Amino acid sequence: MNECRKYLTSGHKGHLIGIGGVSMAPLAEVLLDRGLRLTGSDIHESQKILQLRSLGIPVRIGHAATNLDADTEFVVRTAAVHDENPEIAEAHRRGIPVFERAEAWGAIMQDYRNALCIAGTHGKTTTTSMCTHILMAADRDPTVMIGGTLTLLSSEGYRVGKGDTIVLESCEYYNSFLYFYPSIAVITNIEADHLDFFKNLKAIQTSFREFAAHVPQDTGTVIANADDANTMQALKGLDRRLVTFGMTDRADVYPKNIQSVGCTSNFDIYFQGSKVTDVTLHVPGTHNIYNALAAAAATLNLGVKPSAIKYGLAGFSGANRRFEFKGKYNGADIYDDYAHHPGELKALINMVETLHYERIILVFQPHTYTRTQALFDEFLEQLRRPDIVYLAQIFAAREKDNHQVSSQMLADRLENASSFSTFEEIEDILRAAARPGDIILTVGAGDVYRVGEDLVAKSKTETK
């Protein structure tokens, strides 16, 4: 039993810093359900914090050494909390062990019979959501942690179940997923990303290979994208059971008879030459067929019946911020998407092009300076494709402006693009430009979704 796991048992008392976060709040609920005593802190109030307080967890706003009670035995922090934090400093001063959030999840999953971990540069939120739909349809009552929200879970990104299966979206950034102990590890694809942490693509592949190697040699399974060269290269020669998915029968799990109309795809899923089930998928694009195949492969390996795969996928209408319909403005359809990597932009635009709108208007907010600079040419390649591109300023996230890259630099290399200083400027130009037959896409991992939401809200007030 590792040190973290030793503390995550009934009766122990812990303190969670950043307890209102997307994966810290569910962690708190899981720990509470296991009989632990908890306190928490965060920088501002939120609905999640109100919910945690309603469950009996004292949460303090602001960070201070006094937030650690005299009987606190361990601390869990998010990746955004550094050693300079007064609560971390106090824990170190008192000799209280400090664990990373991913480390805690990794310890918890060892107590489940099935730990399904979904990783990949793209598609992991959607694939995790699809797996959740299938397992719920199969009455497996899973515990779930998703890096986004899902309508099935009352628009939360998590649920605490009583079954023997835990499902976690697993991120490679800072090698976080190397704390995990999957019985089934899914790798949707591998591309160069997070280059502020990883040296290069080879380093990323090495990390994914190590993640896959965490699967038990005799009883575990690795689910991998047979059509993704980077993934297959990373896993070459790995001594683990491998089940592949892809678009042809070179893979173990593959589709046949694909028919796509608008935002709906119908196809049959096959496993090693035998039909498993037919599927109706209500999210568009080839990339979502891949995600569905990955989810089917994973849940088949959990012994789920084909009917649960059929009905689980049929009930999936998309995760929050994944080609999410927001409404209309002046006859134009407005959708929002989380795509923030050239590969994700490519998949999104490929899909939208099949919908045959008269014009594609893309409002793009680049995410982090390092990603924009490292993948500058790849971004240019995809941003040339829409009819019109409006660029918001780069969303800094965890970074500071390095003054070496900007949205204006992208616009200067594009004939179809303009850069703007504020969302208000973009909204003004969209109000003048939008017309029936347009699709307006607000795209990025930051707060660009506000542009579409504001337009929809204004449309409602202007028509009153």
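Modeller: This is a predicted model.

Biologist: How far apart are the end C-alpha atoms of H9?
Modeller: H9 covers residues 286-300, and at 1.5 Å a residue its 15 residues should span 21 Å. The model agrees with that expectation, as the end C-alpha atoms are 21 Å apart.

Biologist: How many disulfides does a search of the whole structure find?
Modeller: A disulfide needs two cysteine sulfur atoms within 2.5 Å. The sulfur of Cys117 is 11 Å from the closest cysteine sulfur, in Cys131, and that is too far for a bond. The search of the whole structure finds zero.

Biologist: What is the relative accessible area of Cys117, and is the residue buried or exposed?
Modeller: The cut-off for buried is under 20%. Cys117 has a relative accessible area of 0%, so Cys117 is buried.

Biologist: How are H6 and H10 oriented to each other?
Modeller: The axes of H6 (residues 124-137) and H10 (residues 306-314) come within 8 Å and cross at roughly 125°. Met130, His133, Ile134 and Ala137 in H6 meet Ala308, Ile309, Gly312 and Leu313 in H10. The crossing is right-handed. The two helices, H6 and H10, are therefore oblique.

Conventions: Residues numbered from 1 in each chain as written. Predicted model: local features only at pLDDT ≥ 70, side-chain atom pairs only at ≥ 80, totals over all residues. Heavy atoms only, no water. Buried < 20%, exposed > 50% of the residue type's maximum accessible area, 1.4 Å probe, protein only. Helix = DSSP H or I, 4+ residues; strand = E, 2+ residues; numbered from the N terminus. Expected span 1.5 Å × (residues − 1). Axes fitted to C-alpha atoms, helices over the stretch in contact; angles between N-to-C directions. Parallel < 35°, antiparallel > 145°, perpendicular 65-115°, else oblique. Left-handed = near helix turned anticlockwise from the far one by under 90°. Contact = heavy atoms within 4.5 Å.
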